[in-house]
Amino acid sequence: MAATKVSLKLLVDARGQRVLFAEAGKDFVDFLFNIMSLSVGTVVRLLNKEGMVCSLGKLYESIEKLSDVYMQPFQDKDALLKPKILISGATNLTQLLPNIESSKDSEHKGFYRCGCCGSQSYIAEDPKATCPQCRNTMTCPVQLVETQKKASSSEAGGGFVKGVVTYMVMDDLMVEPMSTISSIALLNRFNVKDVCSLEEKTITFGMDEAVKLLKASLQSKTVLTDIFFGKRANVSGP
């Protein structure tokens with residue numbers, strides 16, 4: 001597993017008290033892209049339902065409190081409250097968000113078929129499942145064969161994006177490859193008249209900042225400004 005902290009360079013408009021953009025490497029961009037694979041239930045748990053400003057926290061709490069009597073017999077509340085973490089296929093991701101247990105994390109997930117009638121038409125995840133054809137339990141384990149790729153993500157360096165370039169992450173989390181032309185265009189877009197007011201800040205981005213970013217991304221279009229201008233700790237000059 002990769003390190004739990006990454007370094008970012010922020011271009012800050014000190015006079016306007018805002019972050020124009022962050023200069024980021026592969027690790028940080030991989031972290032941002034991986035957010036898109038998180039389920040709603042996982043996000044609520046990461047942010048703690050009490051800290052949710054929207055109604056999702058209350059919805060989560062209502063499911064927690066709802067008696068199993070009202071649930072369909074084949075439904076498990078943990079599937080909603082502790083959804084299984086989706087496997088994106090990307091490896092070596094920087095572990096910036098806290099680890100949380102998903103439903104049945106501790107159990108080995110396998111696949112089974114019926115060993116009595118030999119039917120190849122039905123596969124189950126639960127060895128206690130009943131075969132639709134002969135009504136016996138499906139206890140015979142089978143192996144899932146993954147699709148062979150031309151090059152595995154680990155061979156290519158892991159993650160989602162290539163590490164040969166530096167990326168520009170905007171205040172609203174728009175991501176694009178870094179270039180001198182795009183930087184100048186951004187200054188014009190923000191109507192920066194006095195370049196002397198611009199400062200480069202190097203910050204350490206860890207788990208605390210990752211959780212704050214996740215929360216701010218659901219509430220704001222000035223995510224980086226909200227995180228780093230509200231807290232000067234871990235911010236240093238060039």
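Trainee: Which residues have the most contacts inside the largest nonpolar core?
Mentor: Phe28, Phe31, Val169, Phe205 and Leu213, in a core of 31 residues. A nonpolar core is a set of buried Ala, Val, Leu, Ile, Met, Phe, Trp, Tyr and Cys residues joined through side-chain atoms within 4.5 Å. Buried means under 20% relative accessible area (1.4 Å probe, protein chains only).

Trainee: Which element gives the largest share?
Mentor: α1, with 5 residues. Elements giving two or more include β1 (6-13), β7 (198-205) and α6 (207-217). Helices (H or I, at least four residues) and strands (E, at least two) are DSSP runs, numbered from the N terminus.

Trainee: What is the model's origin?
Mentor: It is predicted: local features need pLDDT of at least 70, side-chain atom pairs 80 or more, while totals for chains, interfaces and linings use all residues. Residues are numbered from 1 along each chain, and side-chain values use heavy atoms, without hydrogens and water.

Trainee: Now the helices. How do α2 and α3 cross?
Mentor: At roughly 100 degrees, with the axes of α2 (residues 40-47) and α3 (residues 56-65) coming within 10 Å. Axes are lines fitted to C-alpha atoms over the stretch in contact, with angles from 0 to 180 degrees between N-to-C directions. So α2 is roughly perpendicular to α3, a label for 65 to 115 degrees.

Trainee: Which residues meet there?
Mentor: Val40, Gly41, Val44 and Arg45 of α2 meet Leu56, Gly57 and Tyr60 of α3. Contact means heavy atoms within 4.5 Å.

Trainee: How much of the chain is buried?
Mentor: 33% of its 238 residues.

Methods
Angles under 35 degrees count as roughly parallel, over 145 as roughly antiparallel, 65 to 115 as roughly perpendicular and the rest as oblique. Buried means under 20% relative accessible area, exposed over 50%, partly exposed in between (1.4 Å probe, protein chains only).
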